Amino acid sequence: MAPMLVYLKKLHAFAGRKLYVNLIGTMVVSTLEGIGIFLLAPMLSLIGLLDSSAGGIPFLSSAAEPLQSLSSGLQLPVVLAVFLILLLGQGLLQRHLTNLNSELEQGFIRYLRLDIYKGLLQSNWAFFLKKRKSDFIHHATTELPRVSFGVFMFLRLSTTFLFTLIQIGFALWLSAPLTIAVLLCGLALAVFSRSRVKKSRMIGQETTELMQRYVAGMTDHFNGIKDIKSNRMEKQHLTWFGALCDRLERNIVQFTRLQSASQFYYKAASSLLIACFVYFAFEVIHVQAELLLFIVLIFSRLWPKFSALQSNLEQIAQSIPAFRNLWELQQEYEAAQEPELSELPAGGSAMRAVQGFEFRDVYYRYDRNHGSYALQAVNLRIPANRMTAIVGRSGAGKSTLIDMLIGLVQPERGQVLVDGKPLAASDSFALRRAVSYVSQDPFLFHESVRDNLSIAAPDASEDRMWEALRFAAADVFVKKLPQGLDTVLGDRGVRLSGGERQRIVLARAILRKPSILILDEATSALDSEHEASIQEALERLRGSMTMIVIAHRLSTIRGADQIVVLDNGTIVQRGGYTQLSGDQDGLFGRLLAYQARASV
Ligand SMILES: Nc1ncnc2c1ncn2[C@@H]1O[C@H](COP(=O)(O)OP(=O)(O)OP(=O)(O)O)[C@@H](O)[C@H]1O
């Protein structure tokens, strides 16, 4: 129940006064409906079906009295007009409430979406390392609407409950013994149905798990569609997917069956009760036929409320696991918010390293409980405005070192210093504003080349964009694209090769005019000709920015001021290209030799 309270509070914070207008409006609609039904009494009395002098029916004589003063020809039209006005008024109000309710519900979904997305964006990198991307998609697309549905179902339950109380009050007035008898029967049925609420919750838990697997599976499969097709794995994936879809189908049908069975039990009980009451009231305690008719009328209104309450309860129970799931994610990312930031920084000044960076006896493990060290005993200086190359075998810790430099991960032991001062977690935004980072797996949005570039520098002119594209040796192929800079890339537009993608991402990085440029295997997909032209362009930037380059192709780092060789998370060699390549027994020398043999 606690997670549900959290989201009810959020709804309260979001909707404020509108929420109460909605709740009170719903109550008014229900009451008007009740009054409309009570008006049936004078109507029936006027057309002679009911004796208005019958003392056993409350309201009837008092409702009939004012009518007596009217001429007989007017009485029925007046009653019918009041009846019509009431029901039309109720209809109009209902329409208004339906619209308001939809605005509230959709607004609340938007509010939750933004709240969650912003919370996720402000979470630290360690949080993303632990989570699967598909889980976020699952939470945003499946769990969030379930939570919103659950919240509004709870509101509906509350108003139905209140209105049921009012109707019980009327019913008690009409006939206390019969009402108490009906309530006892309702209670017995509710107790009998408790296990169904529990079952709904179990089904809801299974829905959550199955949907999580469904979204994760779909994401994985379509991320790996090339592997699937080229290795003819379609059949295995289809079998897996088919089995999961079967389970999803069974899960939903199971819940519908449970709900329809509950509704049937309530309906069957209601028919049985009405039959018993009529028999008992008519044959045993001999109440007036008019009163009996009225009692049947009231209970035929009251009983559906009981079954609606049961249905609401089952639906809420079914959505409870989604509340828990979303709340757990929210707690996780709230604990992982980047420090001292309540808002995402829009602009602000970038940090400028004058002397450079220093790693002082740094240790880092991805899993602090039982993982091996990704970095250990790292002592390293990275001078400002020089080019530092980091090399080593796969898994040596190169990317981890970079992530730590830009404050994405923090040392478990030791310190990272900028110009001699420890890099506080709160400085990392200022630092990252100075950085352009091109990762191993460059990412382009499904937008035009222009949009992809201006994400990095919204104010950049077209001339500056072409200049950056020239730098990255991308100008020639962009000019040849069907709409040049305005060509849409990706699924809906032109597909680029790996090397073309890398060059646009490199242009984007340069467009930002960074003071620190980090290239993590950023030219690995390029042919030698394009790579050479980028090397020349980088050479021209030398001295104007700090460059850190991770490279497997060692020929590309000949010009580096310092080369750092990592192995198993530790620095095993450091020096200039000529010095390191001269040491045949060192790791650098051996890596060079392997590459020389491989290229023969
Ligand atoms: N998210 C992660 N969770 C757990 N371990 C990780 C994670 N990322 C990297 N590692 C581990 O940390 C070590 C260093 O990885 P890192 O990615 O820094 O190596 P790398 O030198 O950049 O490798 P490559 O050249 O293949 O990209 C490896 O043993 C790797 O398995």
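Author: Happy to! This is a predicted model.

Reader: Which helix gives the largest share of the shell around the ligand?

Author: The residues around the ligand include Leu129, Tyr366, Ala374 and Gly392. Also among them are Lys398, Ser399 and Thr400. With three residues, the largest share of the shell comes from helix α13 (residues 398-405).

Reader: How many Å separate the centres of domain 1 and domain 2?

Author: The protein is divided into domain 1, covering 2-335, and domain 2, covering 356-599. Taken over C-alpha atoms, the separation of their centres is 56 Å.

Reader: Is the crossing of α5 and α7 left-handed or right-handed?

Author: Helix α5 spans residues 72-121 and helix α7 residues 133-174, and their axes are 10 Å apart. The two helices pack at an angle of about 140°. Their crossing is right-handed.

Reader: And how many residues of the contact of α5 with α7 are nonpolar?

Author: On the α5 side, the contact includes Phe108, Ile109 and Leu112, as well as Glu105 and Arg113. From α7 come, among them, Phe136, His139, Ser148 and Phe152. By class, two residues of this contact are polar and two are charged, while the nonpolar ones number 10.

Reader: How far apart are the end C-alpha atoms of residues 147-166?

Author: An unreviewed UniProt entry lists several spans as "transmembrane region", including 70-89 and 147-166. Residues 70-89 are 90% helix, with end C-alpha atoms 24 Å apart. Residues 147-166 are 100% helix and 0% strand, and their end C-alpha atoms are apart by 29 Å.

Definitions and conventions: Residues numbered from 1 in each chain as written. Predicted model: local features only at pLDDT ≥ 70, side-chain atom pairs only at ≥ 80, totals over all residues. Axes fitted to C-alpha atoms, helices over the stretch in contact; angles between N-to-C directions. Helix = DSSP H or I, 4+ residues; strand = E, 2+ residues; numbered from the N terminus. Left-handed = near helix turned anticlockwise from the far one by under 90°. Contact = placed C-beta atoms within 7 Å. Nonpolar A, V, L, I, M, F, W, Y, C, P; charged D, E, K, R; others polar. Near = placed C-beta within 6 Å. Domains from an automatic or database assignment. UniProt positions renumbered as here; feature names shortened; annotations may be inferred.
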